[in-house]
Amino acid sequence: MRNSVYMEELDSFTYREKISDGKAAVLVPVGSIEQHGPHMPLNVDVLLSRAMAGSVAEAVGGLVAAPITYGYKSQQRSGGGNHIPGTTSLDASTVISIARTLTLEFARHGVRKIAFINGHFENYQFLYEGVDLAVTELQRAGINDVKVMLLSYWDFVDEATIAELYPDGFTGWDLEHGGVLETSLMLHLYPEKVEMDKVEDLPPAVLPNYDVLPVRPELTPASGCLSSAAQATATKGEILLKRASVAMSAALDAEFQDVIDNDVEQK
Ligand SMILES: [Zn+2]
C-alpha cells in the first residue's frame, strides 16, 4: 500500500522512502477514550484528531502515525470528569512516557519533523513534557535537527469562524465538550456515528472556578456534555475541518521550513 497518508497502512519500504532525508513530517494524533454524551461514541477525540491530522498531512506532504488512543484523565471543567463510566484514562506519567518514546522512535527512523495533533484538552501539558524530555535527550546525544510541534486543533479555529458558527455566543473551548464543535465535525466526517435525536438541549454547564477531589459528580450535567450540541450541523463541521486544517498546515509549513532548508543546504 503506497498511497495512504496513514503510516500504519504503508509497508515498511514505502514508509522509509517517504521519510528519507527527514523530509516528510510525521503527525501523531492524540485522542482519548472519553464519554461524549448520549449522542456520540467514546472515541470521538481519536477519530477527530486522526481526521484533522489526515487533512493536514495531505496538505503538507506528511504522514499520520497510528493514533495515541487513550488520553490523560478527563476533568470536570473540560471533559465532564473521569468518574463517568466508559471514560478510560492514563496517568500523567504514562502520557509523558508515550510522548517521549514516540518522539525518540520517529527520530530513530530518521524523521526530523514531528507534530502531535491533540484532540483532547487534558493531554496537552503532559505531551509537552514528554516531547521536552525527548528533545533534551536527543540533543545530549548530539542530534540537534529534530523539531517537534504540539497543537490542539481547536486553537486553529479563528475568531471570524467562531462568530460565524456561534451566532448566539460562544461559551469557550473548555465547555465545548460534546457540544457544537465536536458534534458538527462528527456529523461531517462520521454521520453514522452520531444520534442527534439523543442530544439534550441544555444551557451550558455552570462549573466552579476550581477543582475538587474526590469529584462531586453532581457538578457535571447528567448528559455528560458541557454545552448543547443542538445547533451542530455537518456544514459547520465541514467549515471547521477546512479552516482548522488550513491554519494548522500553514503553521507546520512555517515551522518546518528551516528543517527542509537545512536538509537542502547539507547536500
Ligand atoms: Zn472530545
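Guide: Two strands count as paired when DSSP finds at least two bridges between them. This model is predicted. Start with the sheet.

Visitor: In what order do the four strands of the open sheet stand?
Guide: Strand E1, residues 26-30, joins E5 through five bridges, and the two run parallel. On to strand E6, residues 147-152: E5 pairs with E6 in the parallel sense over six bridges. The sheet is open and its pairing parallel, with the order E2-E1-E5-E6.

Visitor: Which strands stand at the edges of the sheet?
Guide: The order of the four strands is E2-E1-E5-E6. An edge strand here has a single partner strand, so one side of it is left without a neighbour in the sheet. That describes E2 (63-64) and E6.

Visitor: What is the bridge partner of Val28 in E5?
Guide: Five bridges link E1 and E5 in parallel. In E5, the partner of Val28 is Phe116.

Visitor: Which residue of E6 does Ile117 stand opposite?
Guide: E5 and E6 share six bridges. Ile117 stands opposite Leu151.

Visitor: How many of the six residues of E5 are buried?
Guide: Buried means under 20% relative accessible area. Lys113, Ala115 and Ile117 point one way from E5, while Ile114, Phe116 and Asn118 point the other way, and all are buried. The strand (residues 113-118) is therefore largely enclosed by the rest of the structure, and its buried count is six of the six.

Visitor: How many of the six residues of E6 are buried?
Guide: E6 stands at an edge of the sheet, with a single partner strand. Even so, E6 is mostly covered. The buried count for E6 is five.

Visitor: What angle does the direction of H2 make with that of E1?
Guide: H2 spans residues 44-60. H2 packs on the sheet and touches E1, E2 and E5. Its direction and that of E1 make about 160 degrees.

Visitor: Are H2 and H7 roughly parallel or roughly perpendicular to each other?
Guide: The axes of H2 and H7 (residues 180-189) come within 11 Å and cross at roughly 65 degrees. Angles of 65 to 115 degrees fall in one class. H2 and H7 are therefore roughly perpendicular.

Visitor: Is the crossing of H2 and H7 left-handed or right-handed?
Guide: On the H2 side, Val44, Asp45, Leu47, Leu48, Ala51 and Met52 make the contact; on the H7 side, Glu182, Leu185, Met186 and Leu189. By class, these are eight nonpolar, no polar and two charged residues. The crossing is left-handed.

Visitor: How many of the ten residues of H7 are buried?
Guide: The buried residues are Val180, Leu181, Glu182, Thr183, Ser184, Leu185, Met186 and Leu187. H7 is mostly covered. Its buried count is eight.

Visitor: Are H4 and H5 roughly perpendicular or oblique to each other?
Guide: H4 (residues 92-109) and H5 (residues 124-140) have axes 7 Å apart and pack at an angle of about 40 degrees. Their crossing is right-handed. H4 and H5 are therefore oblique.

Visitor: How many nonpolar residues has the contact of H4 with H5?
Guide: Residues of H4 in the contact include Val95, Ile96 and Leu104, and residues of H5 include Phe126, Leu127 and Leu133. By class, the contact also has two polar and three charged residues. Its nonpolar count is twelve.

Visitor: By what distance are the C-alpha atoms of Gly31 and Gly119 separated?
Guide: Gly31 lies in the loop between E1 and H2. Gly31 is buried, with a relative accessible area of 0%. Beyond its neighbours within four places in sequence, Gly31 contacts residues including Asp45, Tyr70, His120 and Asn123. Gly31 and Gly119 are 88 residues apart along the chain, yet their C-alpha atoms are separated by 5.2 Å.

Technical notes
Residues numbered from 1 in each chain as written. Predicted model: local features only at pLDDT ≥ 70, side-chain atom pairs only at ≥ 80, totals over all residues. Heavy atoms only, no water. Axes fitted to C-alpha atoms, helices over the stretch in contact; angles between N-to-C directions. Parallel < 35°, antiparallel > 145°, perpendicular 65-115°, else oblique. Left-handed = near helix turned anticlockwise from the far one by under 90°. Contact = heavy atoms within 4.5 Å. Nonpolar A, V, L, I, M, F, W, Y, C, P; charged D, E, K, R; others polar. Buried < 20%, exposed > 50% of the residue type's maximum accessible area, 1.4 Å probe, protein only.
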